[in-house]
Amino acid sequence: MRELPYLLVILVLVALLLRLDFVFYMIYVVGGVWLLARWATPRSMDRLTVQRSFVSHAFLGETIPVRLELLNRTRLLMPWLRVHESLPPDLASTAQISRVYTLRPREEVSITYDLHCQRRGVYPIGPLQLTSGDVFGFAAVQSRGEAVQYLTVYPRIIPLVGLALPSRLPFGVLASPQRLFEDPARLRGVRPYQAGDSQRRIHWKASAHSDSLLVKQLAPAISLESTILLNLRGAEYERQRRHDASEWAIVLAASLAAYLESQRQAVGLAVHGVDALAVSALQAPPRPGRPHLMKVLELLARAELIDSDDPFVAWARRTAASLGWGATVIAVTPNGDEATCQGLHALARAGLNVVMAVVEPYGRFAVVQERARRLGFSAHLLASEDDLERLQALSIARTPVFRGVAP
């Protein structure tokens with residue numbers, strides 16, 4: 001109330017002229033309340049502690065509880081506090097939470113709600129807007145906003161058992177008849193020590209039991225790095241299937257990455273798309289291990305379609321230039337037209353093991369497969385989960401068994 005100071009001055013003049021005690025009393029009370037409100041309202045707002053706590057990363061189908069904690073750290077009463085929290089409509093049943101509280105001195109209030117992770121992506125939680133004031137409206141209304149936090153929902157992962165891919169491609173730690181590559185994690189037995197054997201190969205526990213030196217026999221295996229190239233260029237998808245096919249491409253890339261990591265492979269990712277947070281390029285170099293897989297899944301959660309004039313094959317050639325000879329490149333793309341095949345042929349000629357996975361339905365895909373075979377790489381139609389299951393069934397039927405090595 002901007003007019004109140006002028007009103008108090010007028011009352012003081014009236015009280016001095018008429019010498020009325022009740023007017024002086026009214027001036028004392030109203031002026032005191034006005035000064036207290038002007039001082040206490042901003043102080044209480046500044047010392048209000050707000051904390052939002054929740055798990056910032058989640059898998060599809062999970063329910064994430066969110067807890068808002070408000071603490072009045074002063075010895076002053078907050079007559080009213082309006083809390084307005086904005087929520088992502090894809091995760092919450094309501095688009096906002098709006099409530100009003102009265103906070104006593106040192107009082108803490110908790111607000112809880114749930115977010116249902118039904119779609120992959122990066123979702124802003126907030127902003128949280130706080131508004132407070134006094135009962136009489138003497139002080140200006142105080143507003144305060146809290147920073148937005150983000151919830152990352154990983155894409156869906158389809159468990160894979162095996163893939164019917166050329167045996168020379170290192171999908172997983174593959175058993176191999178060549179003893180040039182041996183996996184130290186695949187122990188298949190022991191043998192007597194021979195002159196020239198490394199001490200690192202000695203099985204000390206078994207040697208202690210048998211009173212003779214025994215050397216570990218390792219199963220031969222091949223392990224090379226793999227990189228997934230995901231095409232999210234919107235112009236290369238059919239307009240009617242653009243959303244569904246691109247989401248399926250992300251699910252396929254996430255499933256392949258999880259499968260390769262489960263086989264102790266170094267897996268990398270490069271996405272020809274846009275980062276929803278605009279933090280960095282959607283690329284991760286090939287690395288093994290679960291923490292790296294989570295980083296790959298986070299990049300896939302943030303990936304969106306890109307509106308670019310740069311074709312996928314030109315981008316793929318630049319991206320794959322840093323890969324070592326013999327690395328596996330899995331190109332997840334909406335179509336297998338001649339331009340795409342010619343671009344992947346250049347990667348195959350550069351010494352890379354190229355596999356093309358087409359994610360949109362194709363009428364005569366046998367023609368694409370034959371074209372790819374002649375150009376030195378393999379092509380697979382993976383437009384649905386049924387196609388993926390058929391590929392796994394074919395892989396199980398063709399899995400080789402080497403002597404002394406379980407398939």
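Helices (H or I, at least four residues) and strands (E, at least two) are DSSP runs, numbered from the N terminus. These elements are taken from a predicted model.

**Figure 1. Overview of the protein, with nine helices and 21 strands.** The protein has 407 residues, and 46% of them count as buried. Among contacts with a separation of 6 or more, 72% join residues 24 or more positions apart.

**Figure 2. The largest nonpolar core, with 38 residues.** Ile228, Leu230, Leu252, Val271, Leu300 and Val332 touch the most other members. Two or more residues each come from β14 (226–231), α4 (242–262), β15 (267–272), α5 (290–302), β19 (328–333) and α9 (385–398). The largest share, 13 residues, belongs to α4.

**Figure 3. The surroundings of Leu230.** Neighbours within four places in sequence are left aside here. Leu230 then contacts Ala249, Ile250, Ala253, Ala270, Val271, His272, Leu300, Phe312, Trp315 and Val332. Leu230 is also one of the core residues that touch the most other members.

**Figure 4. The packing of α4 against α5.** The helix axes lie 10 Å apart, at an angle of about 175°. Angles over 145 degrees count as roughly antiparallel, so α4 is roughly antiparallel to α5. From α4, the contact uses Ile250, Ala253, Ala254, Ala257, Ala258 and Glu261. From α5, it uses Arg290, Leu293, Val296, Leu297 and Leu300. Nine of these residues are nonpolar, none is polar and two are charged.

**Figure 5. The cis peptide bond between Gly126 and Pro127.** Omega is about 5° for this bond. Pro127 sits in the loop between β7 (121–125) and β8 (128–133).

**Figure 6. Arg106, a residue with positive phi.** Phi is about 65°, although Arg106 is not a glycine. Arg106 is placed in the loop between β5 (96–103) and β6 (108–116).

**Figure 7. Asp211, with a positive phi in a residue other than glycine.** Phi of Asp211 is near 60°. The loop between α3 (204–210) and β13 (214–222) holds Asp211. With a relative accessible area of 74%, Asp211 is exposed.

Technical notes
Residues are numbered from 1 along each chain as its sequence is written. This is a predicted model: local features need pLDDT of at least 70, side-chain atom pairs count only at pLDDT 80 or more; totals for chains, interfaces and linings use all residues. Side-chain values use heavy atoms; hydrogens and water are left out. A nonpolar core is a set of buried Ala, Val, Leu, Ile, Met, Phe, Trp, Tyr and Cys residues joined through side-chain atoms within 4.5 Å. Buried means under 20% relative accessible area, exposed over 50%, partly exposed in between (1.4 Å probe, protein chains only). Contact means heavy atoms within 4.5 Å. Axes are lines fitted to C-alpha atoms, for helices over the stretch in contact, and angles run from 0 to 180 degrees between N-to-C directions. Angles under 35 degrees count as roughly parallel, over 145 as roughly antiparallel, 65 to 115 as roughly perpendicular and the rest as oblique. Ala, Val, Leu, Ile, Met, Phe, Trp, Tyr, Cys and Pro count as nonpolar, Asp, Glu, Lys and Arg as charged, and the others, Gly among them, as polar.
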